[in-house]
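Welcome! Please take a moment with the sequence and the 3D view below, and then let us walk through some features together.

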Amino acid sequence: MSLSLYDASIPGYARMLRNLSAIFAKAEAHAAANGVDLQTYVDARLAPDMASLVGQVQLATDAAKGGAARLAGVTPPSFPDTETAWAELKARIEKTIAFLETIKREQVDGGEDRTVELPLPGRTLTFTARDFLFQFSLPNFHFHVVTAYALLRAQGVPLGKVDYLAGGQAF
């Protein structure tokens, strides 16, 4: 059985973003029950030189929409990094999920050997679509989602592994 590039990417990006939305809902409930201003979560950092929750959500959503677009051979939508509030972060996650739902299997499958170029400051990384997904896009995406989870956990939000893996729902 061969692995479908679509199945290995688009549904996984969407699922993890839905899990992040569920984590946000749990954080909202925790904040309300404990008198915590949601802005405390928005501004939280694990280290002074790391991005805050805002940055982690922006980077996770950029990784998902950019990864999906590159795999499908389309231009990703532009989401300016202007979010500063909790509701704006939630909306960005939902906008990204909506974009992912526009990507069709036939746009991705069959393009495993397509060249994907990723421009970075000072250089461009070149991959096959398969290598881009497994060596860069998925690890980068999961790094930012798990860091957002860790930021909220560090703020006292009662999260566990099942929240990260399944949005708090049983498998």
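F24, Y41 and W86 come together in one aromatic cluster. Rings of Phe, Tyr and Trp (its six-membered ring) count as a pair if their centres lie within 6.5 Å, and planes under 30 degrees apart are stacked, over 60 edge-to-face and the rest tilted. The model is predicted, with local features needing pLDDT of at least 70 and side-chain atom pairs pLDDT 80 or more, while totals for chains, interfaces and linings use all residues. Residues are numbered from 1 along each chain as its sequence is written, and side-chain values use heavy atoms, leaving out hydrogens and water.

**Aromatic pairs**

By the ring rule, the count comes to seven aromatic pairs. Two of the pairs are set out here.

| Pair | Kind | Centre to centre | Angle between planes |
|---|---|---|---|
| Y13 and F141 | edge-to-face | 5.2 Å | 85 degrees |
| Y149 and Y164 | edge-to-face | 6.1 Å | 70 degrees |

What does the pair of Y13 and F141 tie together? Y13 belongs to helix α1 (residues 10-34) and F141 to helix α6 (residues 129-154), so the pair joins parts that are 128 residues apart in sequence. Helices here are DSSP runs (H or I, at least four residues), strands are runs of E of at least two, and both are numbered from the N terminus. Y13 is buried at 0% relative accessibility, and F141 is buried at 0% as well. The word buried stands for under 20% relative accessible area, exposed for over 50% and partly exposed for values in between, using a 1.4 Å probe and protein chains only.

**Charges over a ring**

The ring of F79 has the charged end of K65 over it, 4.9 Å from the ring centre. The charged end of K95 also sits over the ring of F79, 4.2 Å from its centre. For this, NZ of Lys or CZ of Arg must be within 6 Å of the ring centre and within 35 degrees of the ring normal.

How many residues of α3 are buried? The answer is 17 of its 20 residues, so the helix is mostly covered, given that buried means under 20% relative accessible area. One of the residues in α3 is Q58, which is buried at 9% relative accessibility. Q58 and T82 are 24 residues apart in sequence, yet their C-alpha atoms are 9.3 Å apart in space. Just after α3, G73 takes a positive phi of about 75 degrees.

The largest pocket has a volume of about 200 Å³. A pocket, on a 1 Å grid over the protein atoms alone, is an open set of points where a 1.4 Å probe fits, with protein on both sides within 12 Å along at least five of seven lines, and lining residues have an atom within 4 Å of a point. Of the 14 lining residues, D62, R70, L118, F136 and N140 are the closest to the centre of the largest pocket. The elements giving two or more residues to this lining are α3, β1 (115-120) and α6, and the largest share, six residues, comes from α3.

Methods. Points joined across faces, edges and corners; volume = space filled by probe spheres on them.
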